[in-house]
Amino acid sequence: MKRIYMDHGATTKPDPEVVNAMLPYYNEFFGNASSLHSTGQDAAKVLNRSREFVADFIGARSDEIIFTSGGTESDNLALKGIAYHKKNAGKHIITSIIEHPAILNTCKYLGETGFNITYVPVDDQGVVNPEDVAAAITDDTILISIMHANNEIGTIQPIKEISKIAHEHDILMHTDAVQSVGKIPVNVDDLGVDMLSISGHKIYGPKGVGALYVRKGTRLQSLVQGGAHEFGKRAGTENIPGIVGFAKAIELADQRLSEDEKHLINLRDTMIKKLLDSIPYSYLNGHPTQRLPNNVHIRFNFVEGESLLMMLNIKGVDVSTGSACSSKSLEPSHVLMALGISPEEIHGSLRITMGRENTMDEVDYVVENLIEILKKLRAMSPITPKD
Ligand code: PLP
């Protein structure tokens, strides 16, 4: 059976061009970018070129890009790097209640080791109110970190407004843009951020590689001590094949962004309309328009998301319940809880995240199967209203 992959929020299949771009850097050009001989300098050249690709794509300078092992490390470096560097200036950090665990658990750790964290709420569509951020600022605030787009419900946050507030108070602004980069235009100057996290495997690149944009002049403490790699901000011999693949993925995203965005919005809106129109007691989670082009997140009353996922899996369709990062946990999603949805309704939620290779025929196949599956499951459920 041909599988239909619709879990691009969890990860994406590396583009064949990405894999092809990487192979020579395993087979032939294996040098260490710090070596002075020609083999090393070949690696240094491609490292610089890759840095330029990544920087250009987000409107940054190449010396503002720190390569990391992915989104989680970028988030850790941004938060801990600033917290440790500025600990004498202040110990208060503001974030949102719906961040990815890479931010939430880093904040939790910082909270346990002497920092104070404020978690601002969101409205019932998952949007942070910039006024709540402004109200949380104290003389002790050193950093604000609000995600650009949420990994579960796809809601896009008003980062530009929040950055403006941060800078009016001389506070640094970070955004986790792991889910938005490559899907919607992202420019560090438009957003006004001082730091921004990216991950390779969400944009048809390899796993285990990402970047942190750090605006020129922003000082942070390195979390890994060692050599002088990555401008002294992240020691360790660079993962050249991974970085080459990451840069190739960025190059492809750059070429295809508007085409992909149009295609995905068409698939997303068609799927949402068909599901909501044909399945009673179904509701969209998150914002209707201020959301990622590829994100469909719907809750179906009187069923379990896990059952929907398993039955779709049998039909050859890969989707996710709640967040992939916490799908092994029985705890209701912290994001859906923050929207004020009850735990029972949360459990009937499904996240479908499409990618550039998905088609309208696949959308129709998933919708038809979901309609059938819901009929079957609800017929078996004693709590389904008999109307
Ligand atoms: N931030 C967000 C919003 C994410 O969705 C993810 C991964 O799902 C991460 C951070 C972690 O990125 P990585 O898997 O590259 O560590």
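## Basis

The model is predicted, so local features need pLDDT of at least 70, side-chain atom pairs count only at pLDDT 80 or more, and totals for chains, interfaces and linings use all residues. Residues are numbered from 1 along each chain as its sequence is written, and side-chain values use heavy atoms, with hydrogens and water left out.

## Ligand site

Helices (H or I, at least four residues) and strands (E, at least two) are DSSP runs, numbered from the N terminus.

Gly71 uses a backbone N or O atom, at 2.8 Å. Thr72 uses a polar side-chain atom, at 2.6 Å. For Lys202, a side-chain N or O atom lies 2.5 Å from a ligand oxygen. On its own the ligand has 390 Å² of accessible area, and the protein covers 89% of that. Areas come from the Shrake-Rupley method with a 1.4 Å probe.

## Seven-stranded sheet

This sheet is open and mixed, in the order E2-E8-E7-E6-E5-E3-E4. Strands pair if DSSP finds at least two bridges between them. Strand E2 (65–68) and strand E4 (116–120) are at the edges with a single partner strand each, so one side of each has no neighbour in the sheet. Twist averages 20 degrees from one strand to the next.

Strand E3 (residues 92–96) pairs with E4 in the parallel sense, over five bridges. Ile93 faces Ile117 in E4. Helix H5 (residues 101–112) lies across E3, E4, strand E5 (141–145) and strand E6 (172–176). Helix H5 runs at about 145 degrees to E4. Axes are lines fitted to C-alpha atoms, for helices over the stretch in contact (heavy atoms within 4.5 Å). Angles run from 0 to 180 degrees between N-to-C directions.

## Three-stranded sheet

An open, antiparallel sheet has the order E9-E10-E12. Its edge strands, E9 (282–284) and E12 (349–353), each pair on one side only. Twist averages 25 degrees from one strand to the next.

Three bridges join E9 to strand E10 (residues 295–300). Ser282 stands opposite Phe300 in E10. Helix H10 (residues 305–314) packs on this sheet and touches E10 and E12. The direction of H10 makes about 45 degrees with that of E12.

How values were computed. Polar contact = N/O pair within 3.5 Å; in protein donor to acceptor, adjacent residues only side chain to side chain.
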